[in-house]
There are 2 protein chains.
Amino acid sequence: MTRTFVVVAPDGPTTPDFSLDDLPGAGRLDVLCRCVSSALLRSHGIRERADIYLVLGGEFLLRFEGRAVRLLHPDERSTGALVRTALEQKAGAVGRMAVETTPGVHLQRGDLATVLDRPEGPVFQLHEAGVPVVDRAVPEDPVFVLADHREFAPGTTATLEDAGADRVSLGPTALHADQAITVAHNWLDTDGFVKY
Amino acid sequence: MTRTFVVVAPDGPTTPDFSLDDLPGAGRLDVLCRCVSSALLRSHGIRERADIYLVLGGEFLLRFEGRAVRLLHPDERSTGALVRTALEQKAGAVGRMAVETTPGVHLQRGDLATVLDRPEGPVFQLHEAGVPVVDRAVPEDPVFVLADHREFAPGTTATLEDAGADRVSLGPTALHADQAITVAHNWLDTDGFVKY
């Protein structure tokens, strides 16, 4: 089973001219770095069947591939450096061509619609107002779409509707995007919070 | 209901002479900063009924109090700065006296046994080899004890046994400490993964 996470970050950086000393100031890159860690890292290991896409400014897709990623550490700053290294090579992302900017990290031009064009499996929108996730069967190859630190823009919601996204909630408390990814993994890890 | 988290960090910093540019190099302070965020922050808000203690080097207790904390942001670096500011004032932590180093952040001398001396409620050790948490009733005022990035030392395990800690597992996948805190919150938020 593959687990795909997509974080839509309209304010996310699209150029490498930001400081690693101020990731929040770089379009809340701190949130995005934590999302990458939550999606791909577990204690002393990598989730090899997980991928995460960051949709940066509706312009670039940055994909971290669990089974191939290298140089990924849990702290925000080192992940921020991988993002910066990727954006330094954005001239290589032409048309639909992706450039591998460090091992297992791929940059291409595109937006949420590009990712959801042919999804691996069912698309879920993680949202506090959705249907409780416990009321859903545990899916094969799910694709989870999340907003970064803000609500989805209307255009994003329309794209999700076009993709037939199922809006599910992970609980009564609104979580940060990285926290939601962690809970979604736990839901799948435990086969719907039952199997340990 | 109060939720208390305790992260035991034998390598955690006990002096302020570390760089915010290298939190992993400061005894994996990056892990501890993420734990503070996971314990106290939710989307656009603070979990006012939650507290977290960092047990630094078996020497200092640094307590972040949900209902009083200020200046806490989700990114690691700013939390690292609060830890550094606290340790700059360690001369004020004499005997059992705590010093409030920034609003809602308290530093005192002590170790895990100090925290577990009179716990608010039942003590749980979060550990991948524990009893599945779904087999436990959702507790009142739980105290969750976690290791940072390493296994508990034998002395810590003995302290937990003395406190009657119940060893529970959050799933079959070993998680980072901050991820475990997020899942524990979700377990409580949903009243045992059932109520949304």
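In chain A, strand E6 (residues 99-102) and strand E7 (residues 105-109) run antiparallel and are joined by 3 bridges. Within this pairing, A:Val99 has A:Leu107 of E7(A) as its bridge partner. The hairpin formed by E6(A) and E7(A) has 2 residues between the strands, and A:Gly104 takes a positive phi near 80 degrees there. Strands (E, at least two residues) and helices (H or I, at least four) are DSSP runs numbered from the N terminus, and two strands count as paired if DSSP finds at least two bridges between them.

The model is predicted: local features need pLDDT of at least 70, side-chain atom pairs count only at pLDDT 80 or more, and totals for chains, interfaces and linings use all residues. Residues are numbered from 1 along each chain as its sequence is written, chains are lettered from A and ligands numbered from 1 in the order in which they are written, and side-chain values use heavy atoms, with hydrogens and water left out.

In chain B, 8 strands form an open sheet of mixed pairing, in the order E6-E7-E5-E4-E1-E9-E8-E10. Its edge strands, each pairing on one side only, are E6 (99-102) and E10 (166-169) of chain B. On average, neighbouring strands of the sheet are turned by 30 degrees against each other, direction ignored. Inside this order, strand E1 (residues 3-9) and strand E4 (residues 50-56) of chain B run parallel and share 7 bridges; one of the residues involved is B:Ala9, whose bridge partner in E4(B) is B:Leu56.

Two helix pairs are set out below. Axes are lines fitted to C-alpha atoms, for helices over the stretch in contact, and angles run from 0 to 180 degrees between N-to-C directions.

| Helix pair | Angle | Axis separation |
|---|---|---|
| H1(A) and H2(A) | about 100 degrees | 9 Å |
| H1(B) and H5(B) | about 10 degrees | 8 Å |

H1(B) is therefore roughly parallel to H5(B), whereas H1(A) and H2(A) are roughly perpendicular to each other. Here angles under 35 degrees count as roughly parallel, over 145 as roughly antiparallel, 65 to 115 as roughly perpendicular and the rest as oblique.

Contact means heavy atoms within 4.5 Å. On the H1(A) side, A:Leu29, A:Asp30, A:Cys33, A:Arg34, A:Val36 and A:Ser37 meet A:Glu76, A:Thr79, A:Gly80 and A:Val83 of H2(A). This contact has 4 nonpolar, 3 polar and 3 charged residues. In chain B, the residues of H1(B) that meet H5(B) include B:Arg34 and B:Ser38, and those of H5(B) include B:Asp178 and B:His185. The contact of H1(B) with H5(B) divides into 5 nonpolar, 3 polar and 2 charged residues. Ala, Val, Leu, Ile, Met, Phe, Trp, Tyr, Cys and Pro count as nonpolar, Asp, Glu, Lys and Arg as charged, and the others, Gly among them, as polar.

A cavity is a set of points on a 1 Å grid over the protein atoms alone where a 1.4 Å probe fits but cannot get out, and lining residues have an atom within 4 Å of a point. Of the 17 residues lining the largest cavity, A:Arg34, A:Ser38, A:Asp178, B:Arg34 and B:Asp178 lie nearest its centre. Helices H1 (29-40) and H5 (177-189) of chain A and of chain B are the elements that give two or more residues to this lining. By class, the lining of the largest cavity has 3 nonpolar, 10 polar and 4 charged residues.

Note on methods
On a 1 Å grid over the protein atoms alone, a cavity is a set of points where a 1.4 Å probe fits but cannot get out, and a pocket is an open set with protein on both sides within 12 Å along at least five of seven lines; lining residues have an atom within 4 Å of a point.
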